[in-house]
Amino acid sequence: MKKNETTTVKRGRPITTNSKRQEVLAARNAKHEQGIEIKRGRPVTLLSKRQTVLAARATKREQGIEVKRGRPKNITVNTGQPAHQIS
């Protein structure tokens, strides 16, 4: 073997052509080539509480209403300043 020659070695786990996994991948590729939608992940339940909250938040954004997120600031009643600035 010469100094600059490189050899390629087959790496990774060998593929079993008739396995169930390969059949699933082939079916997915066939659907993709035909333009059929491939569903992945957990389906969304439109009537769930989380989806109604997200829909309400989206409508507020469309209407221009400020959507508050996270924990509210800790403002004291007497001074009107945040609690960490009071000395």
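Predicted model: local features only at pLDDT ≥ 70, side-chain atom pairs only at ≥ 80, totals over all residues.
Modeller: Residues are numbered from 1 along each chain as its sequence is written, and side-chain values use heavy atoms, with hydrogens and water left out.

Biologist: How many helices and strands does the protein chain have?
Modeller: Helices (H or I, at least four residues) and strands (E, at least two) are DSSP runs, numbered from the N terminus. The protein chain has two helices and zero strands.

Biologist: What span should α1 have, and how far apart are its end C-alpha atoms?
Modeller: The expected span is 1.5 Å times one less than the number of residues. For the 15 residues of α1 that gives 21 Å, and the end C-alpha atoms agree, being apart by 21 Å.

Biologist: Which residue follows α1, and what is its phi?
Modeller: Glycine 35 comes after α1. The phi of glycine 35 is positive, near 85°.

Biologist: Is lysine 31 buried or partly exposed?
Modeller: Lysine 31 lies in helix α1, residues 20–34. Buried means under 20% relative accessible area, exposed over 50%, partly exposed in between (1.4 Å probe, protein chains only). Lysine 31 has 43% relative accessibility, so the class is partly exposed.

Biologist: Which residues is lysine 31 in contact with, leaving aside neighbours within four places in sequence?
Modeller: Contact means heavy atoms within 4.5 Å. With those neighbours left aside, the contacts of lysine 31 are Ile36 and Ile38.

Biologist: What is the relative accessible area of valine 44?
Modeller: Valine 44 lies in the loop between α1 and α2. Valine 44 counts as exposed because its relative accessible area is 55%.
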